[in-house]
Amino acid sequence: MGNENIRLVVLSAALLFAVVITFVIYFVILYRARQLKNKQEQDEREAVYRQEILKTQVEIQEQTLEHISKEIHDNITQVLSFVKLSLGSISNTLDEDKKAKVKESRELVAQTITDLRDLSKSMSFEHIIQMGLLKTLEKEVERINKSDLVKVSLLTEGQTYSLGEQRELVLFRILQEGINNALKYANAKHFKISLQYQADLFTLTLEDDGSGFSPDLLNNKSGSGLRNMKNRAVLIGGDATIESAPGAGCRINVALNPFKQLYADGVPHPNSLS
Amino acid sequence: MSSITIIYLIILATVFAIGMVRYRRLTIPFRILTFSVLLTLFWQALSIVFAVRYRNNAFTYHFECLTAYIFYTLTYFYLFRSRTIKAGLLATLISVFVLFLINILFIQRPADKQFPTYIYLLTNGLYVIFALLLYKQMLQYPLNLNIVRQSSFWFNTAIIAFSTLMFINLGFLNYYALHNWGKDIIYYFWNGNLYLFNILICVSLLTDNKNNSVQYG
């Protein structure tokens with residue numbers, strides 16, 4: 001066997017080896033691409049699942065709030081109205097001193113009835129949908145300011161437009177959560193609500209001058225309310241950013257495209273172009 | 001005994017030792033693989049004894065080929081998910097055993113110092129098919145684990161590299177039988193292939209982990 005034959009044998013062996021190596025490398029590249037695709041699909045499935053869960057939670061919460069709202073309106077305020085009437089009817093039989101006390105009690109009951117009716121309205125999604133976001137906010141600001149717990153101001157910029165019932169309801173619930181946090185945890189004295197209506201962007205900004213918190217709170221168990229706000233924003237196709245630092249108050253910004261689809265499951269927003 | 005053979009025996013012993021040290025952490029297919037290394041070591045040692053004492057160790061290669069096929073097929077049996085493929089693997093076990101008997105008794109008899117090239121060709125062809133099927137399965141059900149940390153990838157790569165290179169080995173062997181030339185090339189190439197195969201098997205035993213195997217799907 002000559003040198004040429006030896007070269008041929010070695011070359012063919014080397015070639016076969018190279019083919020095997022190339023095949024294995026190609027497989028590794030293909031496998032990595034498949035892993036990536038699989039991971040993306042899994043993430044998408046999880047995102048849709050999380051959104052479905054959140055949607056269900058919001059629906060259940062709304063039903064519960066609606067139920068409480070109706071109970072307050074149809075039951076508690078009715079009973080209180082009856083109490084008020086009863087007080088009015090017995091006051092005629094009393095002397096002047098006691099009459100004044102009964103009158104005072106009647107006024108307190110009347111105030112409670114008004115407060116409860118307002119509370120019932122802020123809980124009822126039917127009412128919020130009927131009034132629209134802006135009017136509901138104005139009523140809510142008025143109601144809270146009456147309590148003297150915190151000074152709330154409302155600022156609107158741009159030509160207002162409807163964001164659709166679901167979105168406005170969710171935005172209102174985000175606002176309620178924000179006010180609740182400012183009162184309950186931050187001891188805020190001032191709370192500012194800003195609504196910016198731009199052609200392709202709506203922004204809701206909530207600012208308070210409370211005690212603030214460390215950004216790490218967002219990752220803790222106790223920050224579930226804040227995370228819930230972010231999740232709700234995602235649910236309506238928006239994005240919420242929460243900025244805070246100890247002693248520096250809190251700023252929550254919710255931005256959304258008014259023409260983006262409402263839910264990831266394909267239910268279109270009433271304002272959606274597609 | 002040449003240094004190449006000694007190195008090969010050391011590699012086999014090391015791979016088996018690693019398999020035994022990690023035995024509790026290994027999944028069933030890689031436990032089977034560990035014992036296949038022990039068996040290879042046994043046949044290799046026996047072939048040396050027979051070569052020295054009787055000048056004929058052909059029968060050890062016949063049996064080594066068969067037992068290796070049984071162990072590797074069982075390893076694949078546990079790695080595959082498809083019941084059809086599993087049934088196919090068991091069917092090939094029976095078929096290969098029957099063909100092994102026919103070959104050893106009538107065609108390439110060890111008494112005539114015949115190397116079992118037919119069975120080698122058959123089993124290595126089947127290994128290539130198994131390896132390709134396992135690669136396909138891996139693509140269908142990728143794990144959330146880096147591929148270089150997946151034992152099945154290393155085992156499969158060892159099998160596909162060894163089996164495809166084995167065809168060229170057998171070609172060399174055939175050329176040697178006809179022209180009585182190339183003994184050294186065949187020897188080095190053959191052992192180089194065995195070294196590579198066992199090193200890759202060693203990597204597969206080192207990367208195998210019971211906890212990772214549950215991530216299939």
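**Ground rules.** I am working with a predicted model, where local features need pLDDT of at least 70, side-chain atom pairs count only at pLDDT 80 or more, and totals for chains, interfaces and linings use all residues. Residues are numbered from 1 along each chain as its sequence is written, and chains are lettered from A and ligands numbered from 1 in the order in which they are written.

**Sheet, chain A.** I looked up the strand order first. The open sheet has 5 strands in the order β1-β2-β3-β5-β4 (chain A), with mixed pairing. Strands here are DSSP E runs of at least two residues, helices are H or I runs of at least four, and both are numbered from the N terminus. Two strands pair if DSSP finds at least two bridges between them. Which strands are at the edges? They are β1 (151-157) and β4 (238-244) of chain A, each pairing on one side only. From one strand to the next, the twist averages 10°.

I then checked one pair. Strands β2 (residues 190-197) and β3 (residues 202-208) of chain A are antiparallel over 7 bridges. A:Y197 stands opposite A:F202 in β3(A).

**Helices on the sheet.** Helix α4 (residues 133-147) of chain A lies across β1 and β2 of chain A, at about 160° to β1(A). Helix α5 (residues 165-184) of chain A lies across β2, β3 and β5 (250-256) of chain A, at about 10° to β3(A). Angles run from 0 to 180 degrees between N-to-C directions, with axes fitted to C-alpha atoms, for helices over the stretch in contact.

**First helix pair, chain B.** The axes of α1 (residues 3-21) and α7 (residues 183-207) of chain B come within 9 Å and cross at roughly 15°. α1(B) and α7(B) are therefore roughly parallel to each other (angles under 35 degrees count as such). Residues in contact, with C-beta atoms placed from the backbone within 7 Å, include B:Y8 and B:L12 of α1(B) and B:L194 and B:I201 of α7(B). Nonpolar means Ala, Val, Leu, Ile, Met, Phe, Trp, Tyr, Cys and Pro; charged means Asp, Glu, Lys and Arg; the others, Gly among them, are polar.

The axes of α3 (residues 58-79) and α5 (residues 117-140) of chain B come within 11 Å, crossing at roughly 15°. α3(B) and α5(B) are therefore roughly parallel too. Among the residues that meet are B:Y69 and B:Y72 in α3(B) and B:Y127 and B:F130 in α5(B). This contact divides into 10 nonpolar, 1 polar and no charged residues.

Notes: Parallel < 35°, antiparallel > 145°, perpendicular 65-115°, else oblique. Contact = placed C-beta atoms within 7 Å.
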